Amino acid sequence: MSTTISSDRTEVPAITGGLGEPVLRPDGGAKVDGSFEFSSDRSIEGELWAMTLRSPHPRARLLSIDTSAASALPGVASVISAVDVPGINGFGLIASDQPVFAVDEVRFVGEPVAAVAASDPETCARAIELIVVTYEILQPLLDAEQAIDGSFGSIHPDGNVIRHQRIVRGDEDLVGEITVEGTYEIGMQDQAFLGLEAAVAVPDDDGAGVELLVATQWLHEDRRQIAACLGLEEDRVRLTLGGVGGAFGGREDISLQVHVSLLALVTGRPVRAAYSRAESFIGHVHRHPATIWMRHHADRDGTLRKVEARFVLDGGAYASTSSAVLINAVTHAQGPYRCENAVVDGYAVRTNHLPCGAMRGFGVVQACFAHERQMDRLAVACGVDPVEIRVLNAMETGDRLITGQRVENVAPVARCIRETMALPMPEPDVGDHVLALPGGAGLTADGSVVRGVGMAVSIKNLMYSEGFDDYSTARCVVRDGRVLLKFATAEVGQGFVTIAMQIARTELGLPEVLFEPIDTGVGSAGSTSASRQTWMSGGAVVEACRGVVGQILDVVAADRGLQREDLRIEGEWITDLGVPVVAVSEAVSERSFEHTAEYHHPETEELDERGQGDCHTAFAFTAHRAVVDVDPDLGLLRVVQIATAQDVGRALNPLSVVGQIEGGVAQGLGLAVMEEIIQTDGVIRNASFTDYLIPTIADMPPVVMSLIEEPDPRAPLGAKGVGEPPCISVTPAIVAAVDDALRRAGRQIAPLTRVPIRPQDIALASPDGSTATLGS
Amino acid sequence: MRRVESECSLTVNGVEHAVSGLHPGESLLDALRERCGLRGSKGACEEGECGSCTVLVDGQAVCSCLTLAASVSGCSIVTVEGVGSSGGADLQEAFLRAGAVQCGFCTPGLIVAADALLSRNPHPSLNEVREGLAGNLCRCTGYGRIVEAVLDTAEQRRSQR
C-alpha cells in the first residue's frame, strides 16, 4: 500500500461485524428455532416418494429384472432400471465408471439396481420387495493385493488398478545410519453426517428439463453428471442447494440425484427421496482403508535422510476420487519434514468393497498416521525426544517436497510443535465421576489406569491439485444501501455464509448483507472440500466486492471532483487521503452497482512418471498433543485432553475457526479409537449408529488450542483453509499417547500400528506387534 | 400401552392437531413431520441412537422416532418449535452465541435435550452436562461449544434470579 496518510487524518472505526470478529452465523437463528429447511424438510404438493433397490451381493452377474409385479401395485407410478437411463449410464467425479443402475454385473453390496416412485414411502418399500432380480453369484475381489498383482481377473472394464503413482527423488540407494520400518493399517471411516441424503426433483412443464433441490458439496459438478446421465443439455438441469446437514466429503459424489431426477422426468411429477441411515452407509463413498509400509532412513542424530513407502488404498468398486486421494497420500509421505531422498509407490485399487472417495483430509489422514508412527519409532531408535526429532526436521518455507515442489506458503511447523507443547496440561479430574474412567462406570479395574502423552504433526494441501482449475465465482450487487451476494458455494455447516458476510462488510463498508439462493444460476464455486472455500470463494467474494468498490469510488470521485486514486473505503466511510468525506451508505443510496468475479488459484501441474512436479496449490500445518488414560488389562481408553496449534494464516472468524478445530479433532479421535466400517465377505456389518460408533459428548475431551496467525501473502485474505488440518495429526497423537501409557504400565509391546485401536490391540498385544486372536 | 388407532389427536406446543390415517406403528417423529407439518424435529438414525428427534412428552425428553404417535395422544408434546415460547429462548440464543451450531441438523434435538436437562437440574456440573447430553450425536462441532452454551445458560439463569 502506498497511500499517503495526511496529517489531519482521523481514526475511522472499523465496521462492526467485519473480518476478524467472532460474527454469528446468519442462518443460526433458523437453526436453533427449528425453522431452517434441510433438504429432507422440503415437500411439494403432488409429490411422489422414491426408493432404491440395491444389490445384496458384492459381485454377481445380473441376469434379469422383472418389475411387472411392482409396477402393478396400486400407488406405484414408475419403476425404472438401467434400460430407462436416457443418457450415459455412468457417472463419477473423475471417470464415469459407476452406473446409475447396474447393467450385466453388480460390484458391491448396495449398488443400485432399480428405483421406484410411488405415493408414499410404505408403498415404495412394498414395491421394492416385488421387484424380482435374478443373479448369478460371482466370486468377489476383496483383497487389494490381488487387484495389484493381477491374480484376479478384471472386475470392471477399466481394470482393477485405478491408479498407480511412483515418486523417486534424490539418491534411491541411500541407506541411513538408522533405519526404522513398519506397516500401518487404517480402517474405513464413514463421514456420518447427521443430515441423511435427501432431494426433491421437479420436472419442467415441457418434460425436457428438471429442477433439483439437493444437499450437496458442488452444485455445478452434480449438474454436469446428472445432465449427462439424463441426456439433457446442462441448462435444462437446474440445481438449488437444499439445507445441508454436514458433508465431510460424503456428498461430493452422486448418490440419489440422478434417480430422483429421472423419476421426475418419467412420471411428470415432483419426486422426493430420503435415505435411511442404513442406506446412507452404503449409498455414499467412504474414507479409503489403507495399508502403508514405510521405511525411514536417518542420521544418528535423527536428521531425516530418506523415506521409502508403499501405499495400498482400497477404492472399492468404483473410482470416485480415488486417484486424487492416492496423489494426496503419496505426495504427503514425508510429512511436514525436510527430506531430500524418497522412493514411494502407491496404488489405489478396485475391489468389490464399498466405494471410497473423499473424506475430510483425504489421503493425507492415511499418510500422516504412517509417517507420524514412523517418527515415533525413529525417535526411539535415535534416542531423541519425539518432540525434538520433529523440531529438528521441521519443514520451513522454501523447503521442497519429495515431488520437488517448493513450499512457498508460510510454514510455521516448528512453531506449531512448540506452541502445542507449551499449552497447559489437563487439570486433575475433580472427584471420582465415572466419566473420568476409561469405559465409564463399572468397566474399569480399579487402580490400573495409566496416563500417556503423545504428539504428532501434519502437512495438508489446500485446494485441488494436478492442474485442476477449481475456480470460484461470486456476484456482488449493492442496491438500496444493502449488499446482495450470489454464489454457488455449498454451505454445508462450515460457515462460509458468515465469512462472505464479513468480507462484504469490510470491503464495502455496508453493514447489511443479504444472500441470494445458492444455486446454479451463477458460475461454479467448485466443491466445498479440500479446505478451499474460504480461500477460493472467499477470494471470489473479495474480487466481486472490490469491483463494486471501484464503481462506487468512480462515482464519488466524479460527483465531488476528487482524485479517484485518493479515495478508499475505511470502516463505513469513503475517505479521501484518510479523511472521511461521505458515508458509504449515503454515497450508494440512490444508485445500484453490480460486479461478478471469478477467482482462480495459480496453475499447478501433473506429476511426471517419477512423481516430480508442482502439483499442489498451497499447504497448512498443524500439531496435536494427546493425553490419554488407558486400562491396559481391559484395553479401554479415554482421551483426556487434546492440545493443538494450527497454522490458520489469519482467523477471519475466530469462533468459526474454533468450531472447525474442535469438530475436526472429534473426527480424528473417532478414527483413532472407535470408527470403522466392518465388511465381511463384502457385506457391511455395522450400517447403523448402534454399531458404527461416532464420538458422543462423553467421549470428547476438552480441546486447548493456539491459533498461529501468520497471514499467508498468497491467500486472498491471508487466511488458510482450516477445515481439514484439525482432523489429521490428532489420530496418530492419540495412538502415540496410548503407546506411551502402555510403556509406563511396563508393557513390552511393539508400537500400535492400526486405527481404530480396538480393545484387543491393547489388552492382547504382544512384543512382536501381533494381536492374539480372540475366540478360538 | 394404549391401543394404536388410525386417528388420534396430538397436542404439540399447546396446539391440538387432529391426525388421521396413521399407519400402524407410525412414529411420533413421522407424525410430527409429515402430518402436523412440524419439521423442526429431525430423523438421523431411526433407532434412538442420535437424539436428533428429541421432543418432550409431558416434560420428559424422548426420542420421537421410537415413540408410537398414537401412544402419546392426549399428552403434552413440546418440540424445538415450542421451546422458545416455553422459556427456552435464552438457551437457543446461547447455542447461537457460543458457536454451538454448524450444520444445525442435531441442533433441534440438542436444544430440547438441554432444555430438559436444565429443567431437572438447573445447575449442572460439566460432567452432568456431558452425561445429560450423551444421547445426542453431533458430527460437526466436537461438542465443546455445546457444553459452553448449556453452562452459560445455567449461569445466566442463576444470575437473573
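Let me begin with helix α12 (residues 496-508) of chain A, which packs against α13(A) at an angle of about 30°, the two axes being 9 Å apart; here axes are lines fitted to C-alpha atoms, for helices over the stretch in contact, and angles run from 0 to 180 degrees between N-to-C directions. That angle makes α12(A) roughly parallel to α13(A), a label given to angles under 35 degrees, while those over 145 count as roughly antiparallel, 65 to 115 as roughly perpendicular and the rest as oblique. The helices themselves are DSSP runs of H or I with at least four residues, and strands are runs of E with at least two, numbered from the N terminus.

This is a predicted model, in which local features need pLDDT of at least 70 and side-chain atom pairs count only at pLDDT 80 or more, whereas totals for chains, interfaces and linings use all residues. Residues are numbered from 1 along each chain as its sequence is written, and chains are lettered from A and ligands numbered from 1 in the order in which they are written.

By class, the contact of α12(A) with α13(A) has 11 nonpolar, 4 polar and 2 charged residues; Ala, Val, Leu, Ile, Met, Phe, Trp, Tyr, Cys and Pro count as nonpolar, Asp, Glu, Lys and Arg as charged, and the others, Gly among them, as polar.

Turning to the two chains, 46 residues of chain A are in contact with 42 residues of chain B, where contact requires C-beta atoms, placed from the backbone, to lie within 7 Å. On the side of chain A that touches chain B, α15(A) gives the most, with 7 residues.

Which residues of α6(A) are buried? They are A:Q257, A:V258, A:H259, A:V260, A:S261, A:L262, A:L263, A:A264 and A:L265, and because 9 of its 11 residues are buried, α6(A) is largely enclosed by the rest of the structure. A residue is buried if 20 or more other C-beta atoms lie within 10 Å of its own, exposed if 12 or fewer, and partly exposed in between. Just after α6(A), A:G268 takes a positive phi of about 70°.

Now for the backbone angles: most residues other than glycine have a negative phi, and most peptide bonds are trans. A:F248, in the loop between β11 (237-241) and α6 (257-267) of chain A, has a positive phi near 60°, and with 31 C-beta neighbours inside 10 Å it counts as buried. A:S531 has a positive phi of about 50° and is also buried. Finally, a cis peptide bond joins A:V755 and A:P756, with omega about -5°.
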